[in-house]
Amino acid sequence: MIAVILSGHGGFASGIAKAVHQVIGEQPQFKYIDFPAESTTAQLEAQMRDAISAIDSGDGIVFLTDLLGGTPFRTASLLSQGRDDIEVVTGTNMQMTAEMLLEREELNLLEFCEQALTCGHRGITSLAAEMALKNAQRVEVAEDGI
């Protein structure tokens, strides 16, 4: 099973992790690491290395981070440079995290990353967009004569 490490600024990681736990329950091979303002890059790197050691099963590791170019993303990216079984996905949201934790057993690292991007994009919408889609589907059904 692919191991997942969630990291982000402030309480991003712990907040997403708590919400995901509420929705889908406790997940194996999953760690989260917050990066509060008082933390340093060296401390974050040490926490990430510890998390890797704690949950690495040999099937690969994916870091889910909050912000492209931010310290959690850059630190995870540097750690990934030393191994070909670590990937980094950024722009993480709750839908992506929950779905990918449930889907990871059947995927390799590349498939996981591709599916995470699709899932994350799918989770970004608005009520107006969803209502327009629902109305378009009704019109399509009506035109088909069903």
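## Overall architecture

Helices here are DSSP runs of H or I with at least four residues, and strands are runs of E with at least two, both numbered from the N terminus. By that rule the protein chain of this predicted model has six helices and four strands. Read from the N terminus, the order of elements is β-α-β-α-β-α-β-α-α-α.

The C-alpha trace spans about 60 × 35 × 30 Å along its principal axes. The chain has 146 residues, of which 38% are buried. Among contacts between residues at least 6 apart in sequence, 71% join residues at least 24 apart.

In soluble globular proteins, nonpolar side chains tend to be buried together. In this chain the largest nonpolar core has 21 residues, and those with the most contacts inside it are V62, L64, V89, M96, M100 and F112. Strand 1, helix 1, strand 3, helix 4 (94-103) and helix 5 (109-122) each give two or more residues to this core. Helix 5 provides the largest share, with five residues.

Leaving aside neighbours within four places in sequence, V89 is in contact with V62, F63, L64, T65, M96, C113, A116 and L117. A second, separate core has 16 residues, including A3, I61, L79 and I86.

## Helix 3 and its cover

Helix 3 (residues 71-80) holds T75, and eight of the ten residues of this helix are buried. The buried set consists of T71, P72, F73, T75, A76, S77, L79 and S80. What covers these residues includes strand 1 (3-9), strand 2, helix 2 (41-55), strand 3 (61-65) and strand 4 (86-90).

Why does T75 count as buried? Its relative accessibility is 4%, and buried means under 20%. Apart from neighbours within four places in sequence, T75 is in contact with T41, L44, E45 and M48.

## Packing of helix 2 against helix 3

The axes of helix 2 and helix 3 come within 10 Å and cross at roughly 55°. Helix 2 is therefore oblique to helix 3. The crossing is right-handed.

On the helix 2 side, the residues that meet helix 3 are T41, L44, E45, M48, R49 and I52; on the helix 3 side they are T71, P72, T75, A76 and L79. By class, this contact has six nonpolar, three polar and two charged residues. An α-helix has 3.6 residues a turn, so residues three or four places apart point the same way.

## Two individual residues

Q29 lies in the loop between helix 1 (12-24) and strand 2 (30-35). Phi of Q29 is near 50°, a positive value in a residue other than glycine. Q29 counts as partly exposed because its relative accessible area is 22%, which falls between the limits of 20% for buried and 50% for exposed.

L110 is in helix 5. Is L110 buried or exposed? With a relative accessibility of 57%, L110 counts as exposed, the cut-off being over 50%. L110 and V62 are 48 residues apart in sequence, and their C-alpha atoms are 10.0 Å apart in space. V62 is among the residues with the most contacts inside the largest core.

Definitions and conventions:
Residues are numbered from 1 along each chain as its sequence is written. This is a predicted model: local features need pLDDT of at least 70, side-chain atom pairs count only at pLDDT 80 or more; totals for chains, interfaces and linings use all residues. Side-chain values use heavy atoms; hydrogens and water are left out. Buried means under 20% relative accessible area, exposed over 50%, partly exposed in between (1.4 Å probe, protein chains only). Contact means heavy atoms within 4.5 Å. A nonpolar core is a set of buried Ala, Val, Leu, Ile, Met, Phe, Trp, Tyr and Cys residues joined through side-chain atoms within 4.5 Å. Axes are lines fitted to C-alpha atoms, for helices over the stretch in contact, and angles run from 0 to 180 degrees between N-to-C directions. Angles under 35 degrees count as roughly parallel, over 145 as roughly antiparallel, 65 to 115 as roughly perpendicular and the rest as oblique. A crossing is left-handed if the near helix is turned anticlockwise from the far one by less than a right angle, and right-handed if clockwise. Ala, Val, Leu, Ile, Met, Phe, Trp, Tyr, Cys and Pro count as nonpolar, Asp, Glu, Lys and Arg as charged, and the others, Gly among them, as polar.
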